[in-house]
Number of protein chains: 2
Amino acid sequence: MPSGKILVAQGGGPTAVINQSMVGVVMEARRFSQVERIYGAIHGVRGIVNEDFVDLTHETQHNLEQVANTPSSALGSTRDKPDLAYCQDIFKVLKAHEIEHFFYIGGNDSSDTVRIVSEQAQAASYPLCCIHVPKTIDNDLVGSDHTPGFPSAARFVALAFAGANLDNVALPGVYVAVVMGRHAGFLTAASALGKKFPDDGPHLIYLPERTFVLDKFLLDVKTIYERYGRCVVAVSEGIHDASGIPMASLLAKDLEHDDHGNVQLSGNGALADLLCQEIKTRLNIKRVRGDTFGYLQRSFMGCVSDVDQREAREVGEKAVQFALWGKQSGSVAIKRVGSYSVDYELLPLQAVAGKTRVMEDAFISESGTDVTDAFRLYLRPLLGSGMPDAYRLRNNPVAKVLKR
Amino acid sequence: MPSGKILVAQGGGPTAVINQSMVGVVMEARRFSQVERIYGAIHGVRGIVNEDFVDLTHETQHNLEQVANTPSSALGSTRDKPDLAYCQDIFKVLKAHEIEHFFYIGGNDSSDTVRIVSEQAQAASYPLCCIHVPKTIDNDLVGSDHTPGFPSAARFVALAFAGANLDNVALPGVYVAVVMGRHAGFLTAASALGKKFPDDGPHLIYLPERTFVLDKFLLDVKTIYERYGRCVVAVSEGIHDASGIPMASLLAKDLEHDDHGNVQLSGNGALADLLCQEIKTRLNIKRVRGDTFGYLQRSFMGCVSDVDQREAREVGEKAVQFALWGKQSGSVAIKRVGSYSVDYELLPLQAVAGKTRVMEDAFISESGTDVTDAFRLYLRPLLGSGMPDAYRLRNNPVAKVLKR
């Protein structure tokens, strides 16, 4: 006898639109008469093992719509990466609460959790339908054209660089900004969409898909600085040397010869500061500034792509439709079917779980420090409508009188 | 014989609306039949001494409007702080080009330059009208209710903290973000406008108007962390100890016992990282994250207060009116005359030049780590329309079944 209870949870790093997917699940589930109760787990899988549930069945339509437009994970999130025993605990709780549909909104780690829980249910012959609902600003899920959350973060990064470039034109120097994305360079590459004029920055883009060589980097910066009298650089937090060691730890070792060298790789400004230090010291450039976009790029209020909002809502809706009409487990994926239009499909959990997508070679220029037009065409429609645009005064020089 | 030539220039750190003021000057000046030529100096006062001018007389209305909506200084800026000899050079160039109206858009340093140039002209009996047009995200000009540029930067900071707070709710820990503002705490205090619910962050706000005591800071963070299981902190880049020494240099000294301690105080993430390090080490809290808003807060595209846009345009317009109708030098100031409405007046240059306003005591809570309702009332109308709002799911807990 089906219980008609569904559970939704959110895992991993928040995004600007993850609540759209949660609300998509809740709203769509309320349209099915066989759904009696809609639970939300507080702080993802940790909330499940602790039986920390809220009943969303009676939440108002109005408040759900407002929460959908609010960034970050309204149900709370977790960084727990469940092992087999943890997944068995999850399954026990789901069974005890007679939950037969489980929707987990998250990235690759979350999809792997969904896969293991689903396998546990199958092994126990318990009728549990498990759906992974995609979200990640890193855009690193395989099988999807792109992932909800990435377009809004990409919009933030593109606009941040458009502004930083204008600032750098006004007060020239070298500007280095570090962008999130772990092993995937998509979000860093989005900085290229902030360019309008040929001499605009970012002039150099360093992606984790290419090996980072410090001497080459310094030479690149020097070349641009000599050409334009300024240089704007986008750097992925995931850049690494040929052996895969993150640059942040390598540079920290180079610079700090005492015992205080335990530099954290994210959630701080170390990588930007260390690169700036190298530029100052070795290129002898005076005005060098570093920013780390940090948490702003995933949770800033008021910088969201309307395309991203709509799609994030739809993956939640489609998740429920796949589960309740199709009665099968899987991972919802976005498929591009037009320029620009998308459709949704349900992939087997095994096809997505724990796998990492990185930027395709076709998206990276031969120099390795720029993107291709293919990438620009890929990303542009995702950024949504109403992108602000940068304008310049036209040059009309006045003849000198004193001519000193 | 009046030449009918005017010159406009932009100095100091760019803002999101400084081009509104420049365009306000240009557009308004074109309405006066006696104005023959409108020049812009490239890179502020440096452009003047180098005779690096562009003619804006024939720029299109359309492009001027688009440039007005573009952040940062379209004419370029400079960090040069002219001394007397430099100001004499400026005056020589203005005289050589028969410029009789000089409009300089900038902060306190710029106003002081305007004052000296004006005095040089008077001493030489040259009929030069010099107007300082206010701009600074620091909001530290005396005699003005507030300064153009501050409202948009404040909107960015408020929205950044609203988002960072939501992120911190989802993944609890300590979050420290460092905000610009030099010796004035207004911009850091704007973080308080990101709060909606009583337990929202920022829970603690550290302003340069109060002495920073590290042990007190750590105790404050500990208290909040024990109460809410998380803590969001706003810190001004200008915090200092009782003797006025910036905390960034003090902490760097504490932490780094080798010779590599020449830590830069702005344009890097050092202060946030050093404070996070102290929290981690001394309070033994695991998840501690630091952000430095850096250049995003003054040049991010697409986060602008419409009130700020309008006022920045108007100070440019009024500057021209004061100059061409009143024929007197001075500094344009914003006066609040209603809730919310403003008027503009021309203050003597001596009343503004080189002076620094800091936050009034009435704006800072007794604890020293929060703002008062007076500040909230002061700032709210400046942030403009369409401020996004954060919503929460209503709590409706589900009874536990396993009760482990």
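Asp80(B) and Arg46(B) form a salt bridge, with their closest N and O atoms 3.5 Å apart; the term stands for a side-chain nitrogen of Lys or Arg within 4 Å of a carboxyl oxygen of Asp or Glu. Asp80(B) belongs to the loop between helix H3 (61–68) and helix H4 (84–96) of chain B, and Arg46(B) to helix H2 (residues 44–49) of chain B, so this pair ties together parts that are 34 residues apart in sequence. Helices here are DSSP runs of H or I with at least four residues, strands are runs of E with at least two, and both are numbered from the N terminus. Asp80(B) counts as partly exposed because its relative accessibility is 31%, and Arg46(B) is likewise partly exposed at 34%. For these words, buried means under 20% relative accessible area, exposed means over 50%, and partly exposed lies in between, using a 1.4 Å probe and protein chains only.

Before we go on, a word on the model: it is predicted, so local features need pLDDT of at least 70 and side-chain atom pairs count only at pLDDT 80 or more, while totals for chains, interfaces and linings use all residues. Residues are numbered from 1 along each chain as its sequence is written, chains are lettered from A and ligands numbered from 1 in the order in which they are written, and side-chain values use heavy atoms, leaving out hydrogens and water.

Let's stay with charges for a moment. Side chains of opposite charge can pair when their charged atoms come close. Over all chains, a search of the whole structure finds 50 salt bridges. In chain A, Asp109(A) pairs with Lys81(A), with 2.9 Å between the closest N and O atoms. Asp109(A) sits in helix H5 (residues 108–123) of chain A and Lys81(A) in the loop between helix H3 (61–68) and helix H4 (84–96) of chain A, so the pair links distant parts of the chain, 28 residues apart. Asp109(A) is partly exposed at 34% relative accessibility, whereas Lys81(A) is exposed at 56%. Glu226(B) counts as exposed at 59% relative accessibility, and Lys222(B) as partly exposed at 38%. Back in chain A, salt bridges link Asp112(A), Arg115(A) and Glu119(A) in a network.

Next, look at where the two chains meet. Contact (heavy atoms within 4.5 Å) involves 94 residues of chain B and 93 residues of chain A. Together the chains bury about 7200 Å², 57% of it on carbon and sulfur atoms; buried area is the accessible area (1.4 Å probe) that two parts lose on being put together, summed over both. On the chain B side, Met301(B), Tyr391(B) and Leu393(B) lose the most area to chain A, together 11% of what that side buries. Four salt bridges are counted between chain B and chain A. Glu59(B) and Arg394(A) form a salt bridge at 3.1 Å, N to O.

Now to the aromatic rings. Rings of Phe, Tyr and Trp (its six-membered ring) pair if their centres lie within 6.5 Å; planes under 30 degrees apart count as stacked, over 60 as edge-to-face and the rest as tilted. There are 34 aromatic pairs over all chains. Phe156(B) and Phe300(B) make a tilted pair, because their ring centres are 5.5 Å apart and their planes are at 55°. Phe156(B) is in helix H6 (residues 150–170) of chain B, and Phe300(B) is in the loop between helix H11 (296–299) and helix H12 (306–326) of chain B, 144 residues apart. Phe156(B) is buried at 1% relative accessibility, and Phe300(B) is buried at 4%.
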